[in-house]
Amino acid sequence: MDQSADKEWKPPRACDDYWSEFRHCKSLWNSFHHYYAYGTFPSCQQWKEEYYHCRAWETCRDTEAKEALQRSERNRVADQRNFTPVWELRQTPPSDWHLPLNQEKPQDT
């Protein structure tokens, strides 16, 4: 890759965002929630490493740090695609959306 493209590239997030994510991950509330939901404490090391990679890119234009940031963001996006949405999104509203609700009649179950 040429030098001009390297100088124009910016990390996908601000370095402070990585640090904020790390601090949130290490917070007592998040640790409690993660332990309650998953039975384990969260692993926050990835956010810390990404913060240091981001700082290395901003200060020294370290290409290894740039590649590590790109790789981790690609993995994060790929992991998000593995989860199916809970709700099916509608393209149009229901045909009777404007009618008042019938409070007296029990709903079909």
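What is the mean pLDDT of the chain, and what share of its residues reach 70 or more? The mean is 88, and 89% of the residues get to 70 or more; pLDDT is the predictor's confidence in each residue, from 0 to 100. This is a predicted model, where local features need pLDDT of at least 70 and side-chain atom pairs count only at pLDDT 80 or more, while totals for chains, interfaces and linings use all residues. Residues are numbered from 1 along each chain as its sequence is written, and side-chain values use heavy atoms, with hydrogens and water left out.

**View 1. Confidence along the chain.** Helix 2 (residues 15–26) has the highest confidence, at a mean of 96, and helix 1 (residues 3–8) the lowest, at 65. Helices here are DSSP runs (H or I, at least four residues), numbered from the N terminus.

View 2. Proline 11 sits in the loop between helix 1 and helix 2. With a relative accessible area of 16%, proline 11 is buried (buried means under 20%, exposed over 50%, partly exposed in between; 1.4 Å probe, protein chains only). Setting aside neighbours within four places in sequence, proline 11 is in contact with Cys54, Trp57 and Leu69 (contact means heavy atoms within 4.5 Å). Proline 11 and glutamate 58 are 47 residues apart in sequence, yet 8.6 Å apart in space, C-alpha to C-alpha.

View 3. The structure holds seven aromatic pairs (rings of Phe, Tyr and Trp, the last by its six-membered ring, with centres within 6.5 Å; planes under 30 degrees apart are stacked, over 60 edge-to-face, the rest tilted). One of them is tilted: tryptophan 19 and phenylalanine 22, 5.2 Å centre to centre with 40 degrees between the planes. Both residues lie in helix 2, three residues apart, or about one turn of the helix. Tryptophan 19 is partly exposed at 30% relative accessibility, whereas phenylalanine 22 is buried at 11%.

**View 4. A stacked pair.** Tyrosine 35 and phenylalanine 41 stack at 4.9 Å centre to centre, with 25 degrees between the planes. Tyrosine 35 is partly exposed, at 43% relative accessible area, and phenylalanine 41 is exposed, at 58%.

View 5. Asparagine 30 lies in helix 3 (residues 28–38) and counts as buried because its relative accessibility is 14%. Beyond neighbours within four places in sequence, asparagine 30 is in contact with His24, Cys25 and Pro42. Tyrosine 36 is in helix 3 too, but counts as exposed, at 68% relative accessibility.

Key:
Helices (H or I, at least four residues) and strands (E, at least two) are DSSP runs, numbered from the N terminus.
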